[in-house]
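Here are my notes for you to read with the model open. Take the points one at a time and find each piece on screen as you go.

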Amino acid sequence: MRGLDTQMTIWTRTRSACWLIAIMVCVAALTTTNARAESPAAYMQGVQNELLAAQRTGGVVAFSDVLRKHMDVPNIGLTALGPHARTLPKAERPSYYNGMINFIAKYAAKTAPEYPVASAVVVGQGPGDAGGTNVDARITLRSGATYDIRWLVMKSGSGYKVRDAQVVGFWMTSFLDDLFQNYITENGNNPRALVLALSR
């Protein structure tokens, strides 16, 4: 875990605000009965409101509950492993997914007080196609700083899933991909090393 913590500390110096916002990237489908009638924009506004409530509550549990409820775990998790996904036994995926959620939640709880979000407002929605729908939002911190974020929302059954988000020109899941794949590479190209690190 020390290796992951060290890499995350380095990123914190330059990308903490973006990484905190990136946590929202991991949010996925609401499965309420009226989800079919929702537009991607309305769905995303609801998701953002739930995340803001979690931030106000604070703590690892508050964040992990939101992530566990809404995160598109398999797609984001397996993509983060890159070419190493095929060498992680399926029986070990649940432990990996749980570890990933807890890792993100711990970082969110640690960083959130430094970047308190005042509001998150959806401002537009693209036409959408088979590759998903772009939903644009503006995140405003209590300091007055603002970030424009573009969510990639995918249709999934009767609802939606959030697959990625772009902040300051960067797609945010790439940060998680680089962090996890670099750790695996530095530990003998063994994804189990990452699973063990995340479970500590």
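1. A quick definition before anything else: two strands count as paired if DSSP finds at least two bridges between them. Strands β2 and β3 meet that with eight bridges, and they run antiparallel. Keep in mind that this is a predicted model.

2. Now zoom out to the whole sheet. It is open, has five strands in the order β1-β2-β3-β4-β5, and the pairing is antiparallel. Which strands sit at the edges? They are β1 (117–125) and β5 (170–171), each of which pairs on one side only.

3. Walk across the sheet and check the neighbours. β1 pairs with β2 in the antiparallel sense over seven bridges, and here Q125 has V135 of β2 as its bridge partner. Further along, β3 (residues 146–156) and β4 (residues 159–167) also run antiparallel, joined by eight bridges. Look for K155, which stands opposite Y160 in β4.

4. Back to β2 and β3 for a moment. These two strands form a hairpin with four residues between them. In the turn you'll find G144, with a positive phi of about 100°.

5. Which of its side chains are buried? T133, V135, A137, I139 and L141 are, and they point to one face.

6. α2 lies across β1, β2, β3 and β4, and it runs at about 170° to β1.

7. Last, how do α3 and α5 pack? Their axes are 8 Å apart, at an angle of about 135°, and the two helices are therefore oblique to each other. The crossing is right-handed. On the α3 side the contact is made by V60, F63, S64, L67 and R68; the α5 residues include N98, I101 and K106. By class, this contact has eight nonpolar, three polar and two charged residues.

Conventions
Residues numbered from 1 in each chain as written. Predicted model: local features only at pLDDT ≥ 70, side-chain atom pairs only at ≥ 80, totals over all residues. Heavy atoms only, no water. Axes fitted to C-alpha atoms, helices over the stretch in contact; angles between N-to-C directions. Parallel < 35°, antiparallel > 145°, perpendicular 65-115°, else oblique. Left-handed = near helix turned anticlockwise from the far one by under 90°. Contact = heavy atoms within 4.5 Å. Nonpolar A, V, L, I, M, F, W, Y, C, P; charged D, E, K, R; others polar. Buried < 20%, exposed > 50% of the residue type's maximum accessible area, 1.4 Å probe, protein only.
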